[in-house]
Amino acid sequence: PLRMLRTIFCRPRVVPFKQSANLSDHQHVYANQHIQTSLKTRVSDSLLELMKKEPNKHNRIYNSLFSYFSHSTNMRCAEQLWEIMNQNGKIPDVKVYTTLNKCYSQNKQRIEELRKHMSDHKVQPNTTYFNSLLQHYIDSENKEAYEKIFDEMKEAGIKADGITYSILISQNRKAGKLDEVLKLKNEMEQLKLKSNVILYNSLIDSFGKAGNFDEVNRLRRDMVKLGIKPNVITFNSLVVCYGKAKRFKEITEILDEMDQANIQDIRILNSLINSYGRAGRFKEVQEVRKHMNSLDLKPDVMTFNLMVDCYGRAEKFEEVNQLRSEMAKLGIEPDIITFNSLVDCYGRAKKFNEMNEALEEMKKANIQPETKTLNSMLNSYGKVGELDKIKEIRKQMNNLSLMPSVFTFNTMIHVYGKAEEFEEVNQLRSEMAKLGIEPDIITFNSLVDCYGRAKKFKEVNDVLDEMKQANIQPDIQTISSLVNCYVKNDRYEEVEKTIVEMKRLNTHLDHGTKERLSRYLKLRNGPDQK
């Protein structure tokens, strides 16, 4: 079995299905995936048969097999192998339990059963085992359990390693707890645990997204001190975070560093195109394309998707058409992202004929529209109050068995609310509840706005109560809508309450709402009232 496993692991990706003129790219990929899955299933079944005939193998054989089934996400075979092991009185070692934790990472009950089994057989855990448990509890959002892991490790006399800290840092950065991230990083340094480029990439990405560029620059200096060489992901993260902040001077420095490190990658150049394009710096976009050609790097579908999106947002439709012609010449087929960008940019510009043509072309290419595609259309028609078109798109969504998102409902609630179609609004809210889609701040703001405009003050208060129950704080949009509707209807008491709430939340109104409120208070209280 070990020889077979080595052959499987070392074999290059199987592509048994040759390209056929009768198949599209998507059908070709699907056929290959189907054949590879069938091969893996047959190999897995053969390995299990071998183990049934000769079960008294060394534990490393079982470890290898569990690892293979884990990589293949083949739970059926993993479960059968576990039964073979137990039936023949084989006591698993800690590696088996660690691998099984990864296998059953989505099954809480199974993980706890394995922990009990391990304890009953007095198998000593190690750092790698605890790391697998830590990852499981984080993935299953079991905060209480993953916080206890450290205590359990200390009780067992097992020290945390770099991977332990990397997992915790990753969890805290996802939760936006950057102070905790820095604390954990400093602990790592004090314990002299080895850092790696993966950890620094994660940290740069976190602080870059938070706009903390002082920390990003400090991390870059730390990498130089520790001799950690930046890789493609490092440079890509830097280009993305500096690009979003429009810090193009730093981007130029990054490009010089890349040249010195002799790193050139299509992903980084694509990120550059996106950064320059979203900032409206189309001259630099063209320079990146020229640089791409000089490096003999061929643009991929992502390159064109980003350019179509950038030029489309800027309503440069002549350039969009040129890009599509270039894609055809290079034999690059548009994908779902291409069509989504086209539908969105034509819809934003109210070019509804072109938007519908893009949708038809998408269907001809055997690419099914997704929720995002039809959401863009809903949003575009919603902005011009086309209620009939919105009903048509909603029917299309049902016919295609697409699951509506919170954005879908927010768009429709806003449109129907603005048109004072409150029966439709109530139906949409009932449908959200049935589908288990939780309203967000945008949903509540749309409801406050539409009920306020229609002078339905009881409903406004009901919505505010719902927000409290859902632990959603009012934002500037909520407060602005409340001020506008109360001022227009001379509801002074509610205006006062809103001002108190505004101070509590430390919310700053936009200029127009502030002026409207100021004029109202002067009329109500006299010009000398501050």
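Axes are lines fitted to C-alpha atoms, for helices over the stretch in contact, and angles run from 0 to 180 degrees between N-to-C directions. Helices (H or I, at least four residues) and strands (E, at least two) are DSSP runs, numbered from the N terminus. This is a predicted model, in which local features need pLDDT of at least 70, side-chain atom pairs count only at pLDDT 80 or more, and totals for chains, interfaces and linings use all residues. Residues are numbered from 1 along each chain as its sequence is written, and side-chain values use heavy atoms, with hydrogens and water left out.

**View 1. Helices H24 and H25 pack at an angle of about 160°.**
H24 covers residues 422-435 and H25 covers residues 441-453. Their axes are 12 Å apart. The two helices are therefore roughly antiparallel (angles under 35 degrees count as roughly parallel, over 145 as roughly antiparallel, 65 to 115 as roughly perpendicular and the rest as oblique). Their crossing is left-handed (the near helix is turned anticlockwise from the far one by less than a right angle; clockwise would be right-handed). Contact means heavy atoms within 4.5 Å. From H24 come Phe422, Val425, Asn426, Arg429 and Met432. They meet Thr443, Phe444, Leu447, Cys450 and Tyr451 of H25. Seven of these residues are nonpolar, two polar and one charged (Ala, Val, Leu, Ile, Met, Phe, Trp, Tyr, Cys and Pro count as nonpolar, Asp, Glu, Lys and Arg as charged, and the others, Gly among them, as polar).

**View 2. H15 packs against H16 at about 165°.**
The axes of H15 and H16 (residues 282-294) are 8 Å apart. That angle makes H15 roughly antiparallel to H16. H15 passes H16 in a left-handed crossing. Among the contact residues are Leu269, Ile273 and Tyr276 of H15, and Phe282, Val285 and Met292 of H16. The contact of H15 with H16 has nine nonpolar, three polar and two charged residues.

**View 3. A salt bridge joins Arg278 and Asp309.**
A salt bridge is a side-chain nitrogen of Lys or Arg within 4 Å of a carboxyl oxygen of Asp or Glu. Here the N to O distance is 3.1 Å. Arg278 lies in H15 (residues 266-278) and Asp309 in H17 (residues 301-313), so the pair ties together parts 31 residues apart in sequence. The structure holds 24 salt bridges.

**View 4. H10 and H12 cross at roughly 15°.**
H10 spans residues 178-190, and H12 spans residues 213-226. Their axes come within 14 Å. That makes H10 roughly parallel to H12. The crossing is left-handed. Leu182, Lys185 and Glu189 in H10 meet Glu215, Arg218, Leu219 and Asp222 in H12. The contact has two nonpolar, no polar and five charged residues.

**View 5. Over residues 9-23 the pLDDT is below 50.**
pLDDT is the predictor's confidence in each residue, from 0 to 100. The chain's mean is 83, and 87% of its residues reach 70 or more. Residues 25-32 also stay under 50. Where pLDDT is low, the predicted coordinates should not be read in detail.
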